[in-house]
Amino acid sequence: MTFPAQAEFLVIGAGIHGLSAAWRLAERLHERGEPVEGRVVVVDKDGIAAGASGIACGVVRNNYFQPAMRRLMAHSVGVWESDPETFAYHPVGYMQISPEAMHADVAQIYREQREIGYDSVFIEGGQDCTRYMRRMFSDWQAQGITSVLHEKRGGYANNTKSIYGLAKKAEDLGVRILTGARVTGFVREHGSPAVRAVETDRGTIRCDHVIVGAGPWVRDFWTMLDLPKAVDIKVGENEFHRDVPMWRFWQLEEGVLQVPPETLLTDDGEMPPVLHVDSDAPLISDVDGSLITEEMWGIYYKPDWHFNGVQGGASPYKVEKDADAVEIDPYGPASPEFVSSDKFAHMWVSALAHCHKRFEGTMPKYHREPSGGIGCFTPDSFPVFDRFHENVWVIADSNHGYKMLGVGRLVADEVMSEPQELLEPFRFDRYARGELHPTSHSPFPWS
Ligand SMILES: Cc1cc2nc3c(=O)[nH]c(=O)nc-3n(C[C@H](O)[C@H](O)[C@H](O)COP(=O)(O)OP(=O)(O)OC[C@H]3O[C@@H](n4cnc5c(N)ncnc54)[C@H](O)[C@@H]3O)c2cc1C
């Protein structure tokens with residue numbers, strides 16, 4: 001096939017967001033009875049699922065303290081549920097298991113989930129929480145837990161399989177996905193801010209609309225689009241945090257315990273929900289009895305046949321480098337710099353053993369292959385979904401995004417001139433206007 005000289009809709013990135021947007025754009029053209037071929041083109045420097053979407057743990061949840069995030073997740077969970085088979089989606093539910101310091105926050109999440117009709121159960125009090133957890137796992141032994149939010153919807157999906165399923169949906173509707181084409185710049189003409197063509201290392205593609213779904217590489221597109229490297233954030237009537245860097249990277253630490261995935265089935269032999277435990281109980285090493293931390297810690301985990309074991313992660317850590325100095329490529333487990341550490345393995349397996357007796361003494365089964373990867377975060381760690389220079393939509397999910405299967409679709413509707421209320425709280429100008437999302441007591445920057 002020849003390299004296209006033009007496309008009406010040019011999507012950059014064959015990850016969850018770019019492909020979701022392309023799929024919806026094609027659907028919209030079909031609904032209008034118009035042809036798709038040659039009009040919607042996705043370009044990726046590498047391949048389908050080559051970025052963060054291809055290495056994500058795959059957790060799909062609603063549990064967010066920020067109402068706008070929760071509404072958006074409810075929308076996305078609906079999209080996952082629309083075709084579980086193609087999306088390799090397992091609707092097993094999700095549990096947020098928390099200490100007293102998070103009780104009030106999680107109670108609020110539960111109340112607001114009820115208001116939006118999102119099915120969940122809330123258990124309060126130490127004894128009731130232990131009883132609830134032991135009905136599922138008789139060896140449950142976590143200390144200091146005083147609330148359990150059990151979301152009946154959500155669960156997880158198999159990372160690469162779901163992205164390939166999404167790509168197939170888009171291609172079946174006539175979308176062209178061009179892999180091995182790296183975007184190197186944008187062409188603007190006649191003093192207009194709008195992008196008229198996208199330059200790649202294989203040729204230039206003229207276009208009417210551009211959607212950037214570049215995951216951690218958003219930093220580079222932001223620069224190519226001449227957008228500001230720092231922002232002023234309004235925090236009071238006349239008070240600003242000045243010159244806050246637009247991007248910073250965090251390292252996501254994940255790993256696999258190579259035990260049969262069945263090890264984590266419930267006592268009834270059922271698939272458990274994805275489990276997320278935050279705790280302020282002292283975390284003691286399961287290897288040598290030493291104290292790992294007395295600070296708040298958190299882990300998530302699930303049995304996973306795709307990873308062939310119990311897979312999960314812990315709180316990420318900040319990459320202490322200026323964002324411009326961070327080497328994103330080679331990405332994920334291929335990176336010599338950003339892979340999960342021995343310290344992570346020690347902490348995560350010890351935390352599993354803190355929660356379930358069945359994981360005591362399992363450290364030797366930790367899979368030592370490189371895993372994890374980096375994410376590019378905004379100043380407040382929440383997404384920016386916005387239009388710039390008239391015809392460029394940027395989907396910068398601040399690493400919240402594998403679960404956000406519905407976001408690309410909403411962006412596509414905006415490209416088709418239908419503003420989306422669900423995206424409004426995520427505009428770039430919220431920093432200047434001081435319209436920030438509330439923050440919680442969770443140890444994770446994404447809750
Ligand atoms: C280890 C890890 C675990 C995670 N787990 C979860 C989870 O359980 N649940 C969850 O919701 N989120 C999770 N996330 C976050 C989630 O994976 C990301 O937020 C999401 O996948 C980003 O999707 P994307 O489509 O924006 O980007 P990506 O999937 O990164 O896709 C971007 C694409 O752009 C391409 N590209 C980059 N530069 C160029 C260029 N110059 N020209 C052409 N193409 C280019 C890349 O090759 C890539 O394929 C996790 C992230 C990591 C790192």
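Helices (H or I, at least four residues) and strands (E, at least two) are DSSP runs, numbered from the N terminus. By that count, the protein chain of this predicted model holds nine helices and 25 strands. Residues are numbered from 1 along each chain as its sequence is written. Because the model is predicted, local features need pLDDT of at least 70 and side-chain atom pairs count only at pLDDT 80 or more, while totals for chains, interfaces and linings use all residues.

**Overall form**

- The protein chain has a radius of gyration of 22 Å, which agrees with the value near 22 Å that a compact globule of 447 residues would have; the radius is taken over C-alpha atoms, and the globule rule is 2.2 Å times the number of residues to the power 0.38.
- Taken along the principal axes, the C-alpha atoms of the protein chain fill a box of roughly 70 × 55 × 45 Å.
- Of the 447 residues, 48% count as buried, where a residue is buried if 20 or more other C-beta atoms lie within 10 Å of its own, exposed if 12 or fewer, and partly exposed in between, with C-beta atoms placed from the backbone.
- Among contacts with a separation of 6 or more, 76% come from residues 24 or more positions apart; two residues are in contact if their C-beta atoms, placed from the backbone, lie within 7 Å.

**Helix 1 and helix 5**

- The axes of helix 1 (residues 16-31) and helix 5 (residues 159-172) come within 8 Å and cross at roughly 25°, which makes helix 1 roughly parallel to helix 5 (angles under 35 degrees count as roughly parallel, over 145 as roughly antiparallel, 65 to 115 as roughly perpendicular and the rest as oblique).
- On the side of helix 1 the contact is made by I16, L19, S20, A22, W23 and A26, and on the side of helix 5 by I163, L166, A167, K169 and A170.

**Loops with particular backbone features**

- A cis peptide bond, with omega about -5°, joins D329 and P330, and P330 lies in the loop between strand 22 (317-318) and helix 7 (342-355).
- N308, although not a glycine, has a positive phi of about 60°; N308 belongs to the loop between strand 20 (297-304) and strand 21 (309-314), and is partly exposed, with 14 other C-beta atoms within 10 Å.
- H389 is not a glycine either, yet has a positive phi of about 50°; H389 sits in the loop between strand 24 (384-388) and strand 25 (392-396), and counts as partly exposed with 16 C-beta neighbours inside 10 Å.

Key:
Axes fitted to C-alpha atoms, helices over the stretch in contact; angles between N-to-C directions.
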